[in-house]
Each structure stands twice: as structure tokens, then as C-alpha cells.
Amino acid sequence: MKTNLIYLIGILLIVSSCAVVRPGEAGVKQTLGKFSDNISTQGVIFYNPFISKVIKESTQTNNIKLVLSLPTKEGLSVNSEISILYRLEQQKIPVILENLGQDYESVITSIFRSASSDVCAQFYAKDMHSGMRAKIEEEIKSKMMVNLEKQADGIDLIAVLMKSIQLPGGLANSIEQKLQAEQDAMRMEFIIKQATLEAERKIIDAKGERDSQKILAEGLTPEIIKLRTIEAFSKLSQSANSKVIITDGKTPLLINE
């Protein structure tokens, strides 16, 4: 009985003194509040559960999702769903935990709120719904990186994405009307261009026909007309059908029998 109890206690001690680090994670041992410089990526870490513990953090790309109301240059508020993509640099995880603790995502979120307010206030609401959005995202990211480096080195900010942007109702309608007007103008411009090209084509065809007639008229001299008449009489005389040819010597007139 005592032996079984000893075995059970031994197994419990072994289980409680080891931690399993899975792929995509990094484990850091903390002993009496001090973080070890050794980073474990996969496998089992043994430690003294009475004075130590193992903190595991993801080394994969993480996504912080927020829904915020962002200020604009004209004083409006634009609602947007935000995704902040980041990754922890494996070798710098002890520094991050020491400076920011395990609640480092709240620091990233706070830095984003400050950076996004500063950057978005320099742009109009319509810019967030146009090609300028990529520039706004990049400027927010750059400003966040500067502030993050002051807090703790080792957080790799991958991207800031603004999604599901909801403009104020009146502004959204105005932008939609403007886009519709631009599309109508482009459509009309295309129609005018096509009509112009068609008119130019007809002018070219008319000029070609006129030049052809002019060249033909200039080439029909009396001698050529006479030659063509003789050739026509010759072909008619070779025909097997009987006919009567009445002519003034210049042009033939046929009467079929």
C-alpha cells in the first residue's frame, strides 16, 4: 500500500514538474520571477514547480480584432473592423514578458488606438473608402512600430487592416452618387469616342470612293473607251446565242432573239 502511494506521489511530481511545448509555441522558464534566456520550441521542459513555472507563447501570426470609431479630418466618425496582425520574435519573448507581461496584446491595442486616431484625423472620411485606405493602414502601422519599440523590442507588426468600413449615411450616399456620375461620364465619353471613330471611318471611306471615281474618270480617255467598245463587240460576236447589234459605232445595243 505504501509502495503504491509512493509511486503515485512520484508520478504526480513528475507530471507537475514538466511542461509540453507544441509546434508553433515557445516556452520560457521563470524561476523566482526571473526569466531564463533559454527558449524551448518543441518537446518537454522540466522544472521545479515550487520555485519555477513555464510560460508558453505562440510564435505564429496572431490576429487582434477590434471594432472602433475612427475620427476624420472633417470631424466625422467612421466605424471600422480592424485586424492587427503580429508575431512574437522567438528569441525576444523573455524581454517582451519582462517589459509588458503576458497581457502584451492590451499594450498593442492601446498603441493602435493612439496611432489610428492621430493618422485618421489627417484624412477625410471618403479616403478610408477609396484607394487611400492602403496608405492610411501603412501610416498607422509605421506609427505603431515606433511606439512599440519604445515599449519592448520583439513584437513584429505584420499588417494593420481596416475592414467593413461604415461611413456616415449622408456621406455614403454622396460618394455613391459621385461614383455613379463618374461612371456615367466615362460611359458617355466612350460613346462619343465610338461615334467619332465611326464618323472618321465614314469620311475615310467617302474619300476613298471619291478618289477612286476621280482616278477612274481621269483614266477613261476616248481612246480607252473606244478600245473597250471593240473588246465588247469581239466578245459578243463569239457568243453562241443569236442577237442583233444596233450601234452608232461607239456603244452596242443588244436585241436577243
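Predicted model: local features only at pLDDT ≥ 70, side-chain atom pairs only at ≥ 80, totals over all residues.

Reply: Residues are numbered from 1 along each chain as its sequence is written, and side-chain values use heavy atoms, with hydrogens and water left out.

The buried residues of α4 are I136, E137, I140, K141, M144 and L148. Here, buried means under 20% relative accessible area, exposed means over 50%, and partly exposed lies in between (1.4 Å probe, protein chains only). Helices (H or I, at least four residues) and strands (E, at least two) are DSSP runs, numbered from the N terminus. Seen down the axis of α4, the buried residues fall within an arc of 130°, so they line one face of the helix. The arc is that of the directions from the helix axis to the C-beta atoms. On the face turned away from this buried side, α4 carries the exposed residues E149 and K150.

The length of the helix can also be checked. Helix α4 covers residues 133–151, and at 1.5 Å a residue its 19 residues should span 27 Å; the end C-alpha atoms are 27 Å apart, which agrees. The expected span of a helix is 1.5 Å times one less than its number of residues.

The next matter is what the buried face meets. The buried residues of α4 pack against β7, α3 and β8 (155–166). Contact, in this account, means heavy atoms within 4.5 Å.

L157 belongs to strand β8 and is buried, with a relative accessible area of 3%. Not counting residues up to four places away in sequence, L157 touches I84, L85, Y86, K141, M144 and M145. The C-alpha atoms of L157 and S142 are separated by 9.1 Å, with the two residues 15 apart along the chain.

A nonpolar core is a set of buried Ala, Val, Leu, Ile, Met, Phe, Trp, Tyr and Cys residues joined through side-chain atoms within 4.5 Å. The largest such core has 40 residues, of which I84, I108, F112, I140 and M144 touch the most other members. Two or more residues come from each of β2 (25–31), β3 (34–40), β6 (62–71), β7, α2 (93–100), α3, α4 and β8. The greatest contribution, 8 residues, is that of α3. Apart from this core lies another, of 5 residues, including A19, I45, Y47 and V54.

Rings of Phe, Tyr and Trp (its six-membered ring) pair if their centres lie within 6.5 Å; planes under 30 degrees apart count as stacked, over 60 as edge-to-face and the rest as tilted. By this rule there is 1 aromatic pair. The rings of Y86 and Y104 have centres 6.3 Å apart and planes at 80°, so the pair is edge-to-face. Y86 lies in strand β7 (residues 77–88) and Y104 in helix α3 (residues 104–120), so the pair ties together parts that are 18 residues apart in sequence. Both Y86 and Y104 are buried.

Helix α3 also holds T109, which counts as buried at 13% relative accessibility. Leaving aside neighbours within four places in sequence, T109 is in contact with I64 and L66.

After α2 comes G101, whose phi is positive, near 80°.

Finally, the whole chain provides the setting. The protein chain contains 6 helices and 10 strands, and 26% of its 257 residues count as buried. Among contacts between residues at least 6 apart in sequence, 61% join residues at least 24 apart.
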